[in-house]
Amino acid sequence: MTGGAGGTGRMDAWVVARPGPIASRPLERTRLPIPSPGPGEVLVEVEACAVCRTDLHLAEGDLLPRRPRTVPGHEVVGRVAASGPDATRLAPGTRVGVAWLRSTCGLCRYCRRGVENLCPASTYTGWDADGGYAGYLTAPEDYVYPLPEDAPAEKLAPLLCAGIIGYRALLRCDLPPGGRLGVYGFGASAHLTAQLAVAQGATVHVLTRSAKARELAMALGAASAGGAADAPPEPLDSAILFAPAGELVPVALAALDRGGTLAVAGIHLSDIPVLNYQRHLFQERTLRSVTANTRADGRGYLDLATARPPRVTTVPYPFDAADQALEDLATDRVEGAAVLLR
Ligand SMILES: [Zn+2]
Ligand SMILES: [Zn+2]
């Protein structure tokens, strides 16, 4: 290992101690040894970590823990503090982002055909390995993204999952050039994706239960903003469901024009009610899921977002208030993205 930090000393961290309802305080504040980077890994000192809805699903047990007392957080901005054996690509001090996809096998049929997001052996930051609700974390350097020096960490962090996953969802919903896009739910990912679609010439209709989110949507260039289950003012070529609400799947399918596609962006969705073939699927409407992202998605989105930075609406929280940030996210009190700052 090169560089000074790692292997010695301790750091502040939050762990998912008892997965359960957020009101039962599933996160626990603790002190952990600073981890040592393994072969091919870098040690990253955390500047900021954005709070993703997936962190909430992990804290509440909607996603079952893969190991006990894991540090959540997978939208990390930091600097390389040390490198493990055979990690030579990123010099100490390099500013980097650590995202959700932590590793893939590189050998399976999915990895070989460019859909490493479907790799059965894939691992995830803050689920299979400790994440960024801590002073430091380790990550394989091949899965870490170099980031610009000049942007504030608070504005970069939400790009790493909210931005990248939204970008993949936008690709998956097959929006035609100049098309009409419905965005269901308007949290961190949706507010970045809507801006990308508007910049590409789409007409964006936002459907969300939060009045403040509707205001933000209009300020960011949406053509209309209505309630979660309202019909948009015109039929949609494509739609993305960001809200983890299965009951909105038939609502969004019914809003599609002939040949339209609905992509479900979340990792977790409540049950989808019974669909009616004529009302929801006939006329060649398509329903798709979005599963994580590839590194090509990550690079593609970060290139776009660096060249033309989106307006990133953030709510900063001190590191000590991670549990409050999750609770606020659970109760719809976060406009845009919550970000933990160290
Ligand atoms: Zn694989
Ligand atoms: Zn995420």
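This is a predicted model: local features need pLDDT of at least 70, side-chain atom pairs count only at pLDDT 80 or more; totals for chains, interfaces and linings use all residues.
Which residue in β14 is the bridge partner of Leu-236?

Strand β13 covers residues 236-241, and strand β14 covers residues 256-264. The two run parallel and are joined by five bridges. Here is the partner: Leu-236 is bridged to Leu-256 in β14.

Next comes the core. In soluble globular proteins, nonpolar side chains tend to be buried together. The largest nonpolar core here has 105 residues. Val-44, Val-183, Ala-239, Ile-240 and Leu-241 touch the most other members. Strand β3 (residues 41-51) gives the largest share, eight residues. Domain 1 (10-151 + 312-341) and domain 2 (164-289) both contribute residues, so this core lies between them.

Take Ala-239 as an example. Leaving aside residues up to four places away in sequence, Ala-239 touches Cys-173, Leu-181, Gly-182, Tyr-184, Ala-252, Ala-255, Leu-256 and Leu-262. One of these, Leu-256, is also the bridge partner of Leu-236.

Last, a stretch with a label. An unreviewed UniProt entry places the feature "domain: Alcohol dehydrogenase-like N-terminal" at residues 38-149. Over residues 38-149 the chain is 11% helix and 32% strand. The end C-alpha atoms of this stretch are 26 Å apart.

Technical notes: Residues are numbered from 1 along each chain as its sequence is written. Chains are lettered from A and ligands numbered from 1 in the order in which they are written. Two strands pair if DSSP finds at least two bridges between them. Helices (H or I, at least four residues) and strands (E, at least two) are DSSP runs, numbered from the N terminus. UniProt positions are given in the numbering used here, feature names are shortened, and annotations may be inferred rather than shown by experiment. A nonpolar core is a set of buried Ala, Val, Leu, Ile, Met, Phe, Trp, Tyr and Cys residues joined through C-beta atoms within 7 Å. A residue is buried if 20 or more other C-beta atoms lie within 10 Å of its own, exposed if 12 or fewer, and partly exposed in between; C-beta atoms are placed from the backbone. Domain bounds come from an automatic or database domain assignment. Two residues are in contact if their C-beta atoms, placed from the backbone, lie within 7 Å.
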